[in-house]
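Subject: Structure handover

Hello,

Here is the structure we talked about. Please open it next to this email and follow along.

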Amino acid sequence: MTFTSAYTNDPQHFINGSEMLLRGLLLEGVECVFGYPGGNVLYIYDAMADNPDFKHILTRHEQGAIHAADGYARSTGKVGVCLATSGPGATNLVTGIATAYADSVPLVIITGNVPTTVMGTDAFQEADIISITMPITKHSYSVRDVHDLPRIIHEAFHIASTGRTGPVLIDIPKDISNHKMLFQPCDRLELRGYNADPAPDSAEIDKLLQAIAQAERPVIISGGGVVNSNASQELLEFVNQTQIPVATTLLGLGGFPSAHPLWLGMPGHHGTYAANMAIQHADLIISIGSRFDDRVTMRTDGFAPHARLIAHIDIDPAEIGKNIRTDIACIGDIKTVLQAANTRAVPAQSRSWINHVQDNKLRYPMRYKDSDSELKPQFVLEMINETTRGEAIITTDVGQHQMWVAQFYKFNHPRSLITSGGLGTMGFGFPSAIGVQIGNPDRLVISINGDGGMQMCAQEMAICAILNIPVKIVVINNQVLGMVKQQQELIHGRRYSHIDLAGSPDFVKLAEAYGIKGLRASTKREAAEIWQEAMETRGPVLTEFVVPMEENVYPMVLAGTTLDQMILGDLE
């Protein structure tokens, strides 16, 4: 890394903590920081003025900054970085930190704080962000001596990006950011007790392979850990050798090719009939990078009742047996475990089982009642899938549209679906797409949102307009909080309460107000026309698809019931 302007090319001279921070970030390979300035990070922002090597994008809200950093990290596999000032700036990051923590996303979050001389006095814009975020960070640092800063930066990136990845917070008081010292980059790591990559137990792998050889009805549940571990190719090889059908969780979509004949779709709450029924009748369950989340298992005492053995491959030993009993535990990096297993894996006794699950897949595909008079949201997703051939990177917000994406868009590659799974954060979809596009400038990036979540982050359209970030923004507008409405309809006897989004802004005019082209469709013909125009337009475009509010997401497994108790909706 060459440092220019006021830094000169000599890495050893006295600089302040802010300049040191920028140098440290550049040495860690940071390509872009998303942030919002304030009083207690002014020295840091002042240092940026003299450093043309340092790229920073000014978002319009701190939550937009951390969601953009999150999208960048998920889509590239690199560490995302965001920056905010103390007090409200830092607390505005909390939802984004929790979002990243729930989905094991590698972030380094940098916050300013009040000077050390007034800490603990309830100074202006003082908040104990370390304590506030301790349950939702992998690790935290409060910098009290500028001499520690190079080491802390280096350690933070290592911790965030290794083992079970996750967010790390660095809190820098204002006076520390201006203290000077002789800068010496840190290239050593001394993290006592931190074992990021435990060696897999070969005996457990042997047990797994023996169980596979004896299994007649095996199923793999592949989760986000496969994507995080860059183990998609190893999984594909493992499946081809063992001949085991695969269900991919929401965060696992793309980690196994949707066109593969052994792919069953997504399991769980809104999972496919083929995936859910396969799990319920399997004699061997192998979870690979999936944590047996409640939206996958539903009622745990009725999960996979015929499974003689349940195996779990995961890098985090805390997940083993946490939600579902585990008979075989392969703890370690998924890529490493699968590489070892692939050297001696043999096929399961699954020929008739494969015929059975493939027959279920053919008999119960994802279907809906199409209409010539209304524009159905599923039709819109099918159209987007067909026109992109599954090659786009899709970000979603949270709600019905998120599930329709999971059901009707066919992902070909890992890191192609960017969505908030564990926390279910509304407002995530659009700003995350900005980070995705920055990290993947040559890829088509489409952000699919509901009319509710879009209003939580619409101000970030300013960034797309100013920097000409060519995200294609989709708003599925049903004028209601759709997922809440569906649950109130099915569980609460149609007692609808506070779900009406009538009075929302005209999204086309809103986009135009920010300087972005806006298009609207309410029929199939209009949908095809505006989508073609959007795809042919250089730069950002917002497309609004007006759909009926009555449309629900099916299949659906109600809370408190088991995976085989699906409401099939239009399939019934």
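A polar atom of the Asn16 side chain lies 2.9 Å from the backbone nitrogen of Glu19. That is a polar contact (a pair of N or O atoms within 3.5 Å; within protein, one must be able to donate a hydrogen and the other to accept it, and residues adjacent in sequence count only if both atoms are side-chain atoms). Asn16 sits in strand E1 (residues 14–16). Helices (H or I, at least four residues) and strands (E, at least two) are DSSP runs, numbered from the N terminus. Asn16 counts as buried because its relative accessibility is 8%. The cut-offs are under 20% relative accessible area for buried and over 50% for exposed, with partly exposed in between (1.4 Å probe, protein chains only). Leaving out residues up to four places away in sequence, Asn16 touches Ser177, Asn178, His179 and Lys180. A contact here means heavy atoms within 4.5 Å.

A word on the basis. This is a predicted model, in which local features need pLDDT of at least 70 and side-chain atom pairs count only at pLDDT 80 or more, while totals for chains, interfaces and linings use all residues. Residues are numbered from 1 along each chain as its sequence is written, and side-chain values use heavy atoms, with hydrogens and water left out.

Now the whole chain. Its secondary structure comes to 21 helices and 22 strands. The C-alpha trace spans about 70 × 60 × 40 Å along its principal axes. Of the 572 residues, 59% count as buried. Among contacts with a separation of 6 or more, 75% join residues 24 or more positions apart.

Next, the cores. A nonpolar core is a set of buried Ala, Val, Leu, Ile, Met, Phe, Trp, Tyr and Cys residues joined through side-chain atoms within 4.5 Å. The largest one has 68 residues. Ile212, Ile286, Ile288, Ile313, Ile448 and Phe545 touch the most other members. Another core lies apart from it, with 45 residues, among them Ala65, Ile418, Val436 and Ile473.

Nine of the 11 residues of H17 (residues 429–439) are buried, so the helix is largely enclosed by the rest of the structure.

Then the strands. Two strands pair if DSSP finds at least two bridges between them. E13 is largely enclosed by the rest of the structure, because five of its six residues are buried. It pairs with E12 in the parallel sense over five bridges. Ile288 has Ile313 of E13 as its bridge partner. E13 also pairs with strand E14 (residues 328–331), in the parallel sense, over four bridges. There, His312 stands opposite Ala329 in E14.

An open sheet has six strands in the order E16-E15-E17-E18-E20-E19, with parallel pairing. Its edge strands are E16 (417–418) and E19 (517–521), and each pairs on one side only. E19 and strand E20 (residues 541–546) pair in the parallel sense over five bridges. Lys517 has Val541 in E20 as its bridge partner.

Last, the rings. How many aromatic pairs does a search of the whole structure find? It finds four. Rings of Phe, Tyr and Trp (its six-membered ring) pair if their centres lie within 6.5 Å; planes under 30 degrees apart count as stacked, over 60 as edge-to-face and the rest as tilted. Phe292 and Phe303 form an edge-to-face pair, because their planes are at 75°, with ring centres 5.8 Å apart. Phe292 lies in the loop between strand E12 (284–288) and helix H12 (294–297). Phe303 lies in the loop between H12 and strand E13 (309–314), and the two are 11 residues apart. Phe292 is buried at 2% relative accessibility, and Phe303 is buried at 6%.

Tyr368 and Phe408 are edge-to-face too, with centres 5.7 Å apart and planes at 85°. Tyr368 is in the loop between helices H14 (351–363) and H15 (377–388), and Phe408 is in helix H16 (residues 400–408), so the pair ties together parts that are 40 residues apart in sequence. Tyr368 counts as buried at 15% relative accessibility, and Phe408 at 6%.

Best regards
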